[in-house]
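Welcome! Here is a short briefing to read alongside the structure.

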Amino acid sequence: MKKIIICEGEHDGIFIKQLLKKLGFNNKEIYLFNQKKVSMLGKKRAETDILGRFISKENPYKVLVKLEGGKHSAIKIFSSNMPYCIENIDLLILMIDLETGDVNKKIDDLKTILKELRKATPIGLNFKEKKDIEHLHHFSAFVNMEDSGRFIGKFEVIFFKSSLEQSCGIPKNERITDEEKEKKINTFLQDSERVGFFSDAIK
């Protein structure tokens, strides 16, 4: 099964790699694509190339983790690729920070942004809450074409209620090593309920 996880940045990459290891994936099954490491001129082509190669049956990777360099970029790129992805892969996940405010308002904001970015081919979105635990929310989103009503598929949204950094205890204004970050993330993932939450969403 092919899975794509679209998230914000570097810390998400460290988090997802540790999480997938706990869920039984090995490094040879995971491809990490960091948008920040691609030049501005090469970004659009890189997006098309990486998705095409990953979706190909010959590609050995099971999970593509895309680090998009911030929440706005993650949502924008997610919106651009979402219909193509959900029709061609088994699972698409958007993982972002909720930060502050009401989760239902954030869902409404997300609907507005996704629809705004897809004016040329309008879509309908119906969100259903799947799970709510300390630190985390999980929603499923069902997608259809507004003009025809044709059901395209669904994707998953995972919110950190504050932020990944706050939940894992990674300080914003202090410089700490990747090894220290990994330790903090590993401590967060020692909780079986949290690992089970992600297992239900991803596996």
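Which two side chains does a polar contact of 2.9 Å join? They are those of Gln35 and Glu68; a polar contact is a pair of N or O atoms within 3.5 Å, where within protein one must be able to donate a hydrogen and the other to accept it, and residues adjacent in sequence count only if both atoms are side-chain atoms. This is a predicted model, in which local features need pLDDT of at least 70 and side-chain atom pairs count only at pLDDT 80 or more, while totals for chains, interfaces and linings use all residues. Residues are numbered from 1 along each chain as its sequence is written, and side-chain values use heavy atoms, with hydrogens and water left out.

**The sheet**

- β1 and β4 pair in the parallel sense over 5 bridges, and Ile4 stands opposite Leu92 in β4.

**The cores**

- The largest nonpolar core has 35 residues, and Ile4, Leu92, Phe127, Phe155 and Phe159 have the most contacts inside it; such a core is a set of buried Ala, Val, Leu, Ile, Met, Phe, Trp, Tyr and Cys residues joined through side-chain atoms within 4.5 Å.
- α3 (71-88) is one of the elements that supply at least two residues of this core, and α3 gives the most, with 6 residues.
- Apart from this core lies another, of 32 residues, including Ile16, Phe25, Cys168 and Leu189.
- Beyond its neighbours within four places in sequence, Phe127 is in contact with residues including Ile107, Leu110, Phe139 and Phe155.

**Two glutamines**

- Gln35 is found in the loop between β2 (30-34) and α2 (43-55), and is buried at a relative accessible area of 4%.
- Gln166 lies in helix α5 (residues 164-168), and counts as exposed because its relative accessibility is 58%.
- Buried means under 20% relative accessible area, exposed over 50%, and partly exposed in between (1.4 Å probe, protein chains only).
- The C-alpha atoms of Gln166 and His135 are separated by 9.3 Å, although these residues are 31 residues apart along the chain.

Notes
Helix = DSSP H or I, 4+ residues; strand = E, 2+ residues; numbered from the N terminus. Contact = heavy atoms within 4.5 Å. Pairing = 2+ DSSP bridges.
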